Amino acid sequence: MAATSRSDEHDNAPRMLNGTVYAFGVLLTLLTIGYATVLAFGLPRVGIYRQSEMYVNVFLGLGLATYYVDRARTAYQVADKTAADDIGSQGLRGRLRTAYARINPAIIIGLAIASLVSTAYVHINFNRLFEDAHLAGYTSVDILVGTVLIVLAIDATRRAFGWVIAAVAIGSVLYAHWLVIGLIFLASNAVPVVDVPGVFRHTGMTWTEIARDGAISINGVYDSTLMGIGSTWVAIFIMFAGIAKAFGLMEFVLDIGRELGSSLRTGVVQVAVISSMIMGSITGSAAANTATTGSFTIPMLQEQGIRDDFAASIEAVASAGGQMLPPVMGVAAFLMADLLGVSYVQVIQAGVIPAALFYLSVCVAVHFAVLKFGWTSRELSSFDWRLLLTGLHFAIPLFVLLYTLIYLRYTPLSAGLYTILTIFGVMIVKNFYDAGIGVDTAQSTGRQTLDGVSRGGLEMAPLVGVLAAMGLIVELLEGTGLTQGIATAIIGLGGGLLIVVLVLAMITSILFGLGMPTPAAYILVVVLVAPGVIQMGVPELTTHMFVFYFAMLSAITPPVAISVAIGSRIAGTSFMKACLQALRIGAPGFVVPFAFVANNSLIYWSTETIVAFPLVLLGTIGLVVATVGFDGAHDLSYPIRASYVAASFAAMFGSLGHVGIQLTGAGLVAAGLGYANLVVGYNAEARRGAEPSAAE
């Protein structure tokens, strides 16, 4: 009888967790919608909405708890699978792993409880911690709670995004501590070959100061930009994305993709690019986007005959570049607007042309690659326009989003709220129109709506930890003076030459962004790298777009190339081969940021933009032709490729000398492409079966 009870209890644990996860997802979304409602409609700010910092604290606790409970559910499934194995044949290491798998769910649930308890402590003592403690002093319990919050932020980040950001956070804590930095400097003095550059020297902080500045003083993990914007502007859009997915947006995009794939000569490749671009803009994570859309698009590409490494690279580049696409820009646009103190509309306006340059170049690159190797669709059919009607209702909330953001100039929080309310209303009307008014329709609509609310909260939860960890990193690096030191060092190494400083900023941005989600990478590089570029006279918004662009491209840059790694795993191909193709397809993206520094009208729109944009675009396409080695009709020799590169650079950077140079370069690219595509033309039969060599 006892055995039966234990078995029932074991079976009930995941079921109970499923309900808890669902409820926590709903609560997190409703918490955010409630705060947005209070601000949007000017309602009295009472309770947890009384102060923004108080709301952020509750959001942090509930968000971490939601993430941990969701992870505990997964951990239970892993434990069940491990328990099904024959433990006796595993050996000591296997038994230890099995034992850990069994206790891991309990550990994670304990962390969820710690999240709620620690933030509840901050809430109860909020007035003292926020207003008086910096003068009266902090208690030992305060410091303990601050330590717990720091540990939770780092651990949640490690579990959600791997060791890269977690290691940076741990390194920041160790670097800030006086004992660790003191030991390093002692070693540098004792061993002549060990030298610590002066930029890294500081007086050090005690653990009490780290716990104070890193959390309990309502700083660090509560950073007003990262957690403040993350718990409002970012959260409302991530939740909208989750709600839209629950209502069928992803399925609609993929259905359109399949239909377009059957009606285009290049098949589904452009569809893979566009769908990944759209979803990547919303998700804010190249890795998550590659995993989500790639699981659908990569098999579709392979079915068309596209080689595995090309299929993986196409999806990886498109998913990474989605972070650049307005109006959401992978949530980084919200952070950028707050950091710069400019309107959100100004940021998305600045992002339009760089995004267009990147995605048009990617579309041209995959188009030419498919034509070059004969991977075209053989059986084409006309596009069934009736399919668009099945998702026409999604256009209504999209219109509301753009209208409230761009025309009415509402804050992203208010615009997101109206968009969510709109999609709820649209889906209710649609369901009743399709199925008729009745109890069953009302119940199914209510369940669908509740599922969307829960999914929105669950999609936001993993970001809570990383935003808190990034706030901790920024607080400690600024507190030790490292940020200003690196900016000075970059200028010094650049020798006063802007191009050298930009190249150093590019390298640093890519290195700091390796393995990180784009919003986290952007925050880190903008704090460390941007000040040095700004001091060289580059406008602030241009500088932020420059470092953000390269932080985005780190997702396809070896040796980490997280987006490519996931894509190659789905495609079942070599990581390094996929990296090579990703760099070829995305190569113009590494030049575009330098082009909008040289042509500032691409960021700050003016009458010059009308001329600069098409010329730089032609230069970008010329680089694509050179890297792919195909112009729509011919395989290009290396001398011809070199001439395309020269003409492209003239079109992109000629304005630094004279606009005539730009016009000449763009004219040469246009002439070459026009001759190849309009005079010679594409020979589909000759191209079929022209498989790429290993070098290609």
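Tutor: Helix 12 passes helix 25 in a right-handed crossing, a crossing being right-handed if the near helix is turned clockwise from the far one by less than a right angle, and left-handed if anticlockwise. Helices here are DSSP runs (H or I, at least four residues; strands are E, at least two), numbered from the N terminus. The model is predicted, so local features need pLDDT of at least 70 and side-chain atom pairs count only at pLDDT 80 or more, while totals for chains, interfaces and linings use all residues. Residues are numbered from 1 along each chain as its sequence is written, and side-chain values use heavy atoms, with hydrogens and water left out.

Two packed helices are described by the angle between their axes and the distance between the axes. For helix 12 (residues 286-303) and helix 25 (residues 562-571), the axes come within 9 Å and cross at roughly 35 degrees. These axes are lines fitted to C-alpha atoms over the stretch in contact, and angles run from 0 to 180 degrees between N-to-C directions. Helix 12 contributes A286, A287, T290, A291, G294, S295, I298 and Q302 to the contact, and helix 25 contributes I562, S563, I566, G567, I570 and A571; contact means heavy atoms within 4.5 Å. Eight of these residues are nonpolar, six polar and none charged. In this scheme Ala, Val, Leu, Ile, Met, Phe, Trp, Tyr, Cys and Pro count as nonpolar, Asp, Glu, Lys and Arg as charged, and the others, Gly among them, as polar.

Of its 696 residues, 54% are buried (under 20% relative accessible area, with exposed over 50% and partly exposed in between; 1.4 Å probe, protein chains only). Among contacts between residues at least 6 apart in sequence, 78% join residues at least 24 apart.

Two single residues illustrate these terms. T32, in helix 1 (residues 2-40), is buried, with a relative accessible area of 0%. Beyond neighbours within four places in sequence, T32 touches Y55, F59, S231, A235, I236 and M239. W605, by contrast, is partly exposed at 42% relative accessible area and lies in the loop between helix 27 (592-598) and helix 28 (609-628). The C-alpha atoms of W605 and Q349 are separated by 8.3 Å, although the two residues are 256 apart along the chain.
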